[in-house]
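Work through the exercises below with the sequence and coordinates open. Each task is followed by a stepwise solution.

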Amino acid sequence: MFRKILIANRGEIAVRVLRACKEMGIRTVAVFSEVDRKALHTRYADEAYRIGPAPARESYLVIDKIIDAAKRTGAEAIHPGYGFLAENPLFADRCEKEKIKLIGPSAYAMRTMGSKTLARQTVQAAGVPVVPGTVEPIATEAEVLRVAREIGFPVMLKATAGGGGKGMRLVREESELSSSLRMAKSEAKSAFSDDSVYIEKYIENPRHVEIQLLGDRHGNYVHLCERECSIQRRHQKVVEESPSVIVTPEMRAAMGKVAIEAARAVKYEGAGTCEFLVDAKRNFYFLEMNTRLQVEHPVTEMVTGIDIVKEQIRVAAGEKLSFRQEDVRQTGHAIECRIYAEDPDRNFLPCPGEITSLRVPGGPGVRDDSGVYAGFEIPIYYDPIISKLVTWGKDRTEAIARMKRALGVYVVTGVKTTVPFHIRVMNNRHFIEGNFDTNFIEQVFFKEEEGRKLANEEVALATAAIQLFTEERKRSVAQQPGEAAGPVSMWKYSTRPGIRKIG
Amino acid sequence: MSYVATIDEREVTISVEDLGGSNYKVAIDGVEHVVDAQLIAGTLWSVLYGNGSFEVDVTRLPAEEFEVLIQGDCHKFTLMNEQRRAMIRAGGKGSAGKAMLTSPMPGKVVKLLVGEGQEVEAGQGVIVVEAMKMENELKAAVAGKVKEIFVEEGQVVESGAKLLLVE
């Protein structure tokens with residue numbers, strides 16, 4: 001087993017990995033940028049190593065600095081967390097060359113799964129169902145038409161060099177194909193200077209369901225069942241749960257089996273996730289494989305009782321997986337809400353700044369994976385995630401009830417967070433019924449929220465009026481002769497004129 | 001002291017009287033309640049309204065705007081005392097047609113979309129500020145001419161920093 005591990009990350013995930021290491025008796029090294037000197041991961045680790053200025057590309061993303069820190073501190077392994085260098089094959093190559101164990105899969109597995117085309121070919125060869133279509137560019141309109149007829153409308157045209165929705169066109173009928181193709185090509189040309197497009201079957205109102213995997217270097221693979229991640233905003237997961245209400249035992253076994261085949265195809269080592277789209281008829285299609293620890297791994301830990309980070313560390317040290325497939329049991333139900341420093345009542349505007357007070361929930365079945373504390377100033381440079389609140393219950397109803405209870409007492413002042421947004425989601429009828437897909441938040445939830453009548457309006461008005469009353473009284477006391485200069489305003493925004501709503 | 005709240009188009013009259021300790025007599029449109037309000041930390045109040053116990057987070061914005069969070073619901077309204085309201089009604093506002101755009105959050109100016117002297121429409125994107133890996137396009141509040149730009153591309157700004165003036 002390793003004696004010392006360097007964690008090449010920050011925030012809640014660095015803290016999560018530190019916790020696993022501490023429990024395993026492994027010494028820990030944190031790395032931190034200039035603005036993270038007082039961050040929780042820096043304070044929590046046994047050793048901490050300064051790696052440069054605040055922007056990630058000058059600190060957390062600089063391979064040389066991470067490797068240098070590992071060598072100087074004598075760390076035998078590096079845990080990359082998620083984001084930053086976690087899926088960078090160049091980093092994996094470098095670790096191998098320097099004989100430092102990277103806790104994760106090989107550079108080969110990262111490269112294969114990181115390429116849309118290669119991943120699709122590889123898993124298809126392993127018998128994994130993929131969304132029907134081509135990944136290679138299609139040259140002529142006649143060829144596009146032939147493929148579209150073969151896979152059936154609706155189809156999606158996508159730019160080969162694409163991203164961010166540019167060069168993408170949904171085609172519902174054959175008659176629209178010609179003009180949509182022209183538009184997709186011209187958009188792709190101007191956005192990426194490459195007008196090649198490919199074609200895929202369009203899955204209507206899909207759900208996003210993924211399978212958690214673990215593999216060791218001795219050829220053992222297990223899956224830890226599914227996570228339902230359809231609650232998304234701008235293609236970002238915000239609420240995850242396990243199990244999924246639409247997954248039957250047969251479907252779970254089938255998805256688990258193909259996910260393992262995908263992992264086996266690249267000799268996958270460590271923790272990974274196969275993401276699938278599921279259509280209304282419960283057909284599932286491979287989307288991509290994430291070759292790292294996922295943000296939402298705690299929901300799986302809560303229902304299986306397996307500590308995924310510890311398993312990652314054990315298999316990285318060369319040990320065999322500590323359990324077999326038949327030992328995996330999904331017990332009860334778990335839900336995670338990602339808490340971001342964003343203002344849900346101001347179009348999710350980022351809200352960096354100092355957390356002036358913090359009260360986190362506790363009690364039965366509640367887990368708060370946080371990376372902050374009261375007094376910490378959330379920097380502007382990184383991801384806005386500050387915590388993941390996870391609840392477990394004997395069934396979905398109890399897990400939701402606990403989540404509502406926990407969110408209700410989660411207090412963060414100084415910055416706005418997405419806690420109120422999550423309370424509203426937990427109270428939404430469709431969410432409670434399990435009736436949603438990946439378009440739910442943007443197409444259903446926000447619309448329903450717009451006209452919703454708010455509770456406790458009188459309490460809101462009374463409290464605001466009392467605040468104004470006490471504030472005015474203080475000011476008038478300060479203005480009396482003989483008093484010192486007026487008191488410093490305690491209200492954060494009162495001295496900041498001209499805040500405008502942004503679109 | 002008497003106050004007027006405006007919620008959407010609706011007006012509500014509120015009066016507050018200090019009863020000592022943390023107790024207040026509050027009348028909302030003439031209906032009286034005794035309210036026990038304790039400031040806990042920062043912007044957070046513990047409020048006993050009748051026998052109901054509430055945690056209330058009050059954010060005060062400029063221009064008499066309030067945002068009050070209770071149990072996940074965000075109540076937005078303006079609130080001011082009656083004198084102030086009378087003053088505004090009498091036309092004491094003075095700065096119509098002139099708008100200072102300030103940064104709603106700390107961040108970095110990524111791009112200026114307009115130059116000094118340029119005519120802009122109300123609602124037109126004028127500057128892009130990045131925070132936490134997200135780019136946010138800020139819009140002009142009024143139509144007019146960009147009178148002055150206070151920042152440069154690449155500059156890090158605090159929340160509330162002056163960005164540009166439209167007149």
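This is a predicted model: local features need pLDDT of at least 70, side-chain atom pairs count only at pLDDT 80 or more; totals for chains, interfaces and linings use all residues.

Residues are numbered from 1 along each chain as its sequence is written, chains are lettered from A in the order in which they are written, and side-chain values use heavy atoms, without hydrogens and water.

**Exercise 1.** Describe the interface between chain B and chain A.

Step 1: take the area. About 5700 Å² is buried between the chains, with 64% from carbon and sulfur atoms. Buried area is the accessible area (1.4 Å probe) that two parts lose on being put together, summed over both.

Step 2: count charged pairs. There are seven salt bridges between chain B and chain A (a side-chain nitrogen of Lys or Arg within 4 Å of a carboxyl oxygen of Asp or Glu). One pairs Glu67(B) with Arg346(A), whose closest N and O atoms are 2.2 Å apart.

**Exercise 2.** Is helix H1 of chain A mostly enclosed or open?

Step 1: locate the helix. H1(A) covers residues 11-24 (helices are DSSP runs of H or I, at least four residues, numbered from the N terminus).

Step 2: Buried residues include Gly11(A), Ile13(A), Leu18(A) and Cys21(A) (buried means under 20% relative accessible area, 1.4 Å probe, protein chains only).

Step 3: conclude. Of the 14 residues of H1(A), 10 are buried, so the helix is largely enclosed by the rest of the structure.

Step 4: look past the end. Gly25(A) follows H1(A) and has a positive phi, near 75°.

Terms used: Helices (H or I, at least four residues) and strands (E, at least two) are DSSP runs, numbered from the N terminus. The expected span of a helix is 1.5 Å times one less than its number of residues. Buried means under 20% relative accessible area, exposed over 50%, partly exposed in between (1.4 Å probe, protein chains only).
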